Amino acid sequence: MSLFQLNGKRALVTGGSRGIGLAAAHDLIRLGAQVTLAARNEEVLRRAADAIGARWVVADVGTPDGVGAAVEAAGQVDILVSNAGGPPPAQPSAVTEEGWAQGFQTTFMSTARLATAVLPGMRERRWGRIIAVTSLTVGRPALNLPVSNAMRAAVTNHLRTLALEVAADGVTCNTVAPGYTATDRLNALHADPTDAERLKGRIPARRFGEPNEVAAAIAFLATNEAAYITGQEILVDGGWSI
């Protein structure tokens, strides 16, 4: 048998129109999976899906209706990649009630609702992969990302707890925590070239990661070869967390 193949599997990738989500979808397709991308911007989403040969659905998975639309469009979901956009930066003491509530819905509840929606089918088929993209800040909080720090930590522990329930059903639940990765969000947070170079100097690898390097970890966790890995956080951070 060929290793690392996903022939016949169907995947739903949220936040799939760019960055890590798009790179993960591309890898899953290369391994043989049929992929549906979900995102909010129809124009960007359509172009991304056409470029890699994926299906697509416009959906805001930070809402119950959006989760329902995404899951319905994907049909059978064997692999869920929950990839929520990061909450905006702020000082911890300055986060408003609205900011906390929005972060809870977009970052935490999106994953919780998606997992709840796809789990019955996975358990019935006795095969499933739930993978959430979080951040290295789960373990090493960034001062200016308090909502992300809190909500991604909640996602991590939710999937660890869920893993305890569904492991015997052939369903694995893991998170992939990227370090500083060359995405639009990183460019926005570190737009100053001097600041970016200073940050690279603090990373043992002395560079930012690439979306495809994070995607490789996601794709591996989706395969049969990763069937005994569950409840884990896989850091892809160039050594930052050492």
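Okay, let's start with the largest pocket, which has a volume of about 1300 Å³. A pocket here is an open set of points on a 1 Å grid over the protein atoms alone, places where a 1.4 Å probe fits, with protein on both sides within 12 Å along at least five of seven lines. Grid points are joined across faces, edges and corners, and the volume is the space filled by probe spheres set on the points. Lining residues have an atom within 4 Å of a point. There are 47 of them in this pocket, and the closest to its centre are Ala-84, Gly-85, Gly-86, Arg-152 and Arg-185. Two or more lining residues come from each of H1, S2, H4, helix H5 (146-166) and helix H6 (184-189). Those labels are DSSP runs numbered from the N terminus: helices are H or I with at least four residues, strands are E with at least two.

Quick word on where this comes from. It's a predicted model, where local features need pLDDT of at least 70 and side-chain atom pairs count only at pLDDT 80 or more, while totals for chains, interfaces and linings use all residues. Residues are numbered from 1 along each chain as its sequence is written, and side-chain values use heavy atoms, with hydrogens and water left out.

Now the sheet. Seven strands make an open, parallel sheet, in the order S3-S2-S1-S4-S5-S6-S7. Strands S3 (55-58) and S7 (233-236) are at the edges with a single partner strand each, so one side of each has no neighbour in the sheet. On average, neighbouring strands are turned by 20 degrees against each other, direction ignored. Two strands count as paired if DSSP finds at least two bridges between them. Strand S1 (residues 10-14) and strand S2 (residues 34-39) have five, in the parallel sense, and Leu-12 stands opposite Thr-36 in S2.

What lies across those strands? Helix H2 (residues 42-52) lies across S2 and S3, at about 170 degrees to S3. Helix H3 (residues 64-74) lies across S1, S2 and S3, at about 160 degrees to S3. For these angles, axes are lines fitted to C-alpha atoms, for helices over the stretch in contact, and the scale runs from 0 to 180 degrees between N-to-C directions.

Stay with H3 for a moment, because Ala-74 is found there and counts as buried at 3% relative accessibility. Buried means under 20% relative accessible area, exposed is over 50%, and partly exposed is in between (1.4 Å probe, protein chains only). Leaving out residues up to four places away in sequence, Ala-74 touches Arg-10, Leu-12, Thr-36 and Arg-55, where contact means heavy atoms within 4.5 Å.

Next, the cores. A nonpolar core is a set of buried Ala, Val, Leu, Ile, Met, Phe, Trp, Tyr and Cys residues joined through side-chain atoms within 4.5 Å. The largest has 32 residues, and Leu-6, Leu-28, Val-35, Leu-37, Ile-79 and Ile-218 have the most contacts inside it. Helix H8 (211-222) is among the elements giving it two or more residues, and H8 has the largest share, with seven. A second, separate core has 31 residues, including our Ala-74.

Phe-4, in the segment before S1, has a phi near 55 degrees, positive although the residue isn't glycine. Arg-126, in the loop between helix H4 (97-125) and strand S5 (128-133), also isn't glycine and has a positive phi, near 60 degrees. Buried or exposed, or in between, for Arg-126? At 49% relative accessibility, Arg-126 is partly exposed.
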